[in-house]
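Welcome! Take a moment to look over the sequence and turn the model around before reading on.

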Amino acid sequence: MRAQFVLSEIGVGLRRNLTMTFAVIVSVALSLALFGGALLMREQVSTMKDYWYDKVNVSIYLCNKADASAAAGKCAKGAVTAQQKEQIKADLQKMDIVETVYYESADEAFKHYKEEYSDTAIASVITPDQMPESFRVKLKDPEKYKVVATAFAGREGVESVQDQRNILQNLFDLMNGMNIAALGVMGLMLVIALMLIVNTVRVSAFSRRRETGIMRLVGASSFYIQMPFIMEAAFAGLLGGAVACVLLLVGRYFLIDHGIALAEKMQLVNFIGWDAVFAKLPLVIAIGLLMPAVAAFIALRKYLKV
């Protein structure tokens with residue numbers, strides 16, 4: 001009987017404040033969708049770092065004849081000699097942080113360049129002697145790039161030392177910036193949702209002040225009086241969390257698999273799978289359920305004196 005009464009009161013409250021309840025559902029849904037999206041974005045960045053950092057190398061570019069012909073610069077003393085190449089390779093292999101060392105000749109570099117940039121205008125005028133020889137160094141820990149850079153930058157025969165992580169870092173920084181922006185908007189939407197929840201509970205409590213007064217007179221407990229209001233807010237939040245979950249699933253489907261189809265257009269990117277999305281849904285639902293309930297409970301302590 002008590003459960004039936006509480007449920008009936010929840011229905012009455014939702015119908016009386018239908019517009020505000022709808023606003024609560026929409027604001028909770030948007031804020032939680034942004035929250036879930038920010039979590040997925042962070043996981044995407046982490047996945048990409050793990051994937052690419054395991055594949056990037058440190059490249060040590062050697063001086064060639066074209067570099068040596070310049071009036072000044074790191075290769076002013078001439079192109080790299082065979083002895084210098086052997087010494088550089090031996091020193092690399094002695095380093096504990098180095099996993100493998102691969103030597104790429106000018107002809108191999110020219111072949112790779114033609115394969116990747118065959119459609120560009122400059123590809124038709126580039127010759128093999130203009131391509132630099134290089135050592136591609138695979139590190140056990142990519143974070144220790146500076147050890148290699150310090151040891152070989154400025155050495156005779158070395159034109160430059162490049163860490164391929166820097167090429168990817170701008171992308172990761174952009175994604176992290178988008179993640180922070182999403183969290184900022186999520187925080188704003190969350191504040192709006194909480195304000196709507198408090199106002200909805202306040203209006204609901206005021207419109208039913210007669211009923212609550214009668215319940216107080218007949219000896220109903222504080223918890224029993226407050227329960228319908230808390231359940232109304234929790235139900236609205238639950239609906240908002242469910243909508244947020246749908247938005248996350250639809251977003252993953254259209255952005256990566258179909259629609260925009262980033263997985264097809266960007267095959268070199270290791271995108272997060274459905275398992276990562278499904279793993280975040282329980283958290284979104286839980287927050288959607290608990291956040292409005294807690295906000296309603298706090299609001300009732302002020303606006304519903306029992």
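## About the model

This is a predicted model, in which local features need pLDDT of at least 70 and side-chain atom pairs count only at pLDDT 80 or more, while totals for chains, interfaces and linings use all residues. Residues are numbered from 1 along each chain as its sequence is written, and side-chain values use heavy atoms, with hydrogens and water left out.

## The sheet

Let's begin with the strands (DSSP runs of E, at least two residues, numbered from the N terminus). Four of them make an open sheet, ordered 2-3-1-4, with antiparallel pairing; two strands pair if DSSP finds at least two bridges between them. Strand 2 (98–104) and strand 4 (158–163) each have a single partner strand, so they stand at the edges with one side left without a neighbour in the sheet. On average, neighbouring strands are turned by 15° against each other, direction ignored (axes are lines fitted to C-alpha atoms, for helices over the stretch in contact, and angles run from 0 to 180 degrees between N-to-C directions).

Now look at strand 1 (residues 58–62) and strand 3 (residues 134–139): they run antiparallel and are joined by four bridges. Val58, for example, has Val137 in strand 3 as its bridge partner.

## Helices on the sheet

Helices are DSSP runs of H or I with at least four residues, and contact means heavy atoms within 4.5 Å. Helix 4 (residues 82–94) packs on the sheet and touches strand 1, strand 2, strand 3 and strand 4, its direction making about 0° with that of strand 3. Helix 6 (residues 145–152) also packs there, touching strand 1, strand 3 and strand 4, and its direction makes about 175° with that of strand 4.

## The nonpolar cores

A nonpolar core is a set of buried Ala, Val, Leu, Ile, Met, Phe, Trp, Tyr and Cys residues joined through side-chain atoms within 4.5 Å. Buried means under 20% relative accessible area, exposed over 50%, and partly exposed in between (1.4 Å probe, protein chains only). In the largest core, of 28 residues, Val28, Ile197, Val201 and Val284 touch the most other members. Helix 11 gives the most to this core, with ten residues.

Apart from it lies another core of 18 residues, including Ile60 and Val158.

## A closer look at Thr47

Where is Thr47 found? Thr47 sits in helix 2, and its 22% relative accessibility makes it partly exposed. Thr47 and Ile272 are 225 residues apart in sequence, yet their C-alpha atoms are 7.0 Å apart in space. Leaving out residues up to four places away in sequence, Thr47 touches Asn270 and Ile272.
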